[in-house]
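Subject: Structure handover

Hello,

Please find the structure below, with its sequence. My notes on what was found in it follow.

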Amino acid sequence: MTNHAAATTSSPSPVTVVGLGPMGLVLAEALLSKGHPTTVWNRTPERASGLVARGASLAGSIADAVSASPVTIMCLNTYDTMYEVFGPAGDALRGRVLVNLNSGTPQEVRTAVTWASGLGVRYLDGAVMVPPPLVGRPDAVFLYSGDRAVLDEHRATLASLGDPRFLGTDPTLAVLYNTALLHMMYATLNGYLHATALVGSAGVSAVEFAGIALGWFMPAVLDPSSLAPRAADLDEGNYPGALGTLRMNVNALEHIARASEEQGVHSELPRLMREVAERAVSQGHGDDNYFSVHELFKRPSPAS
């Protein structure tokens, strides 16, 4: 008797991975582990040896690589590298699907979409939002934007890497979200590292400071659940200052800058934060709350 469920279950689709840096390697490993027939290509072929030992096929050329699978996932260091790598593929690209997991800028994405269209390539831009060890887990977030049909057609393959989240048909959104979230990460890390240096100037160890900074302050004061309700105010430009005005916060930022200078630690970052808040006050937001600096961030920086 034929098992109907088994007979109708499709096998994992073939996929090609181009670019075998630290992230590209784990992308290919995740696909192999989920049973996808995986072809790989890298400008330095030796990097593929471990993948080949696990069952991957090493393409002899970039044209062979894109011809081997219905979809090619690339993870290269820049968009310029993408053009260099895929240039020799020529007519092999026509009608193929490229999913780009590079990082870059919105303008680079627009240029890439035009390039792909001119070659007859179906193109989807994306971003990996987790470090390499988390790739392949169902909760690993991957962002995509652009051609929704490409995502829908290859969703099962992309889901083998993690949770594919579609942001919209504007192809720049994945890169823009990625850049914005990385900016948020670095700004937070810089704040923590500078704060640790500031108390460290008085002989406080990083371990001791972490107990109160990370064990209490971050969860209590910067809890995302307390920030999320304020998102609607950002959209509406509503910044009530009843519980604290921006002018009051400038005073606190002044103390941070002066304390940094007095303690002999780097003071450029706190001085910049103070200057941003002062500029927002000068633009009429002194009686609003601190979130009103959002209005300043929505406009280009003044010419230096």
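H255 is partly exposed, with 42% relative accessible area. This residue is found in helix α13. From H255 to R271 the C-alpha distance is 9.9 Å, and the two are 16 residues apart in sequence. Please keep in mind throughout that this is a predicted model.

Which element gives the most to the lining of the largest pocket? That is α9, with 16 residues. By class, the lining of the largest pocket consists of 35 nonpolar, 9 polar and 1 charged residues.

The second largest pocket holds about 280 Å³ of space. There are 15 residues in its lining, with M23, S103, V128, N178 and L182 nearest the centre. Both β6 and α9 supply at least two residues of this lining. Here again α9 gives the most, this time with 4 residues. The lining of the second largest pocket divides into 11 nonpolar and 4 polar residues, with no charged ones.

Nonpolar cores

The largest nonpolar core has 32 residues, of which L27, I73, V99, V135 and F142 touch the most other members. Two or more residues of this core come from each of β1 (15-18), α2 (22-33), β4 (71-74), β5 (97-100), β6 (122-128), β7 (141-146) and α7 (148-153). Helix α2 gives the most, with 8 residues. As general background, nonpolar side chains in soluble globular proteins tend to be buried together.

What does F142 touch, leaving aside its neighbours within four places in sequence? Its contacts are L27, L101, A127, V128, V135, L161, G162, D163, P164 and R165.

L101, one of the contacts of F142, lies in the loop between β5 and α6. Is L101 buried or exposed? L101 is buried, because its relative accessible area is 6% and the cut-off for buried is under 20%. Not counting residues up to four places away in sequence, L101 touches L27, I73, M74, C75, G126, A127, V128, F142 and Y144. L27, I73 and F142 were named above among the residues that touch the most other members of the largest core. L101 and A180 are 79 residues apart along the chain, and 16 Å separates their C-alpha atoms.

P132 is also in a loop, the one between β6 and β7. P132 is partly exposed, at 29% relative accessible area. Apart from residues up to four places away in sequence, P132 touches P22, M23 and V26. M23 is also one of the residues nearest the centre of the second largest pocket. P132 is 93 residues from S225 in sequence, and their C-alpha atoms are 28 Å apart in space.

Aromatic pairs

How many aromatic pairs does the structure hold? There are 2. One is formed by Y83 and W115, which are edge-to-face at 5.2 Å centre to centre, with 70 degrees between the planes. Y83 is in helix α5 (residues 79-86) and W115 in helix α6 (residues 106-118), so this pair ties together parts that are 32 residues apart in sequence. With a relative accessibility of 23%, Y83 counts as partly exposed.

W216 and F217 also form an edge-to-face pair, at 5.7 Å centre to centre and 65 degrees between the planes. W216 is partly exposed, at 48% relative accessible area. F217 is partly exposed as well, at 37%.

Regards

Note on methods
Residues numbered from 1 in each chain as written. Predicted model: local features only at pLDDT ≥ 70, side-chain atom pairs only at ≥ 80, totals over all residues. Heavy atoms only, no water. Core = buried A, V, L, I, M, F, W, Y, C linked by side-chain atoms within 4.5 Å. Buried < 20%, exposed > 50% of the residue type's maximum accessible area, 1.4 Å probe, protein only. Contact = heavy atoms within 4.5 Å. Nonpolar A, V, L, I, M, F, W, Y, C, P; charged D, E, K, R; others polar. 1 Å grid on protein atoms, 1.4 Å probe; cavity = no way out; pocket = protein on both sides within 12 Å on 5 of 7 lines; lining within 4 Å. Points joined across faces, edges and corners; volume = space filled by probe spheres on them. Phe/Tyr/Trp six-rings, centres within 6.5 Å; stacked < 30°, edge-to-face > 60°.
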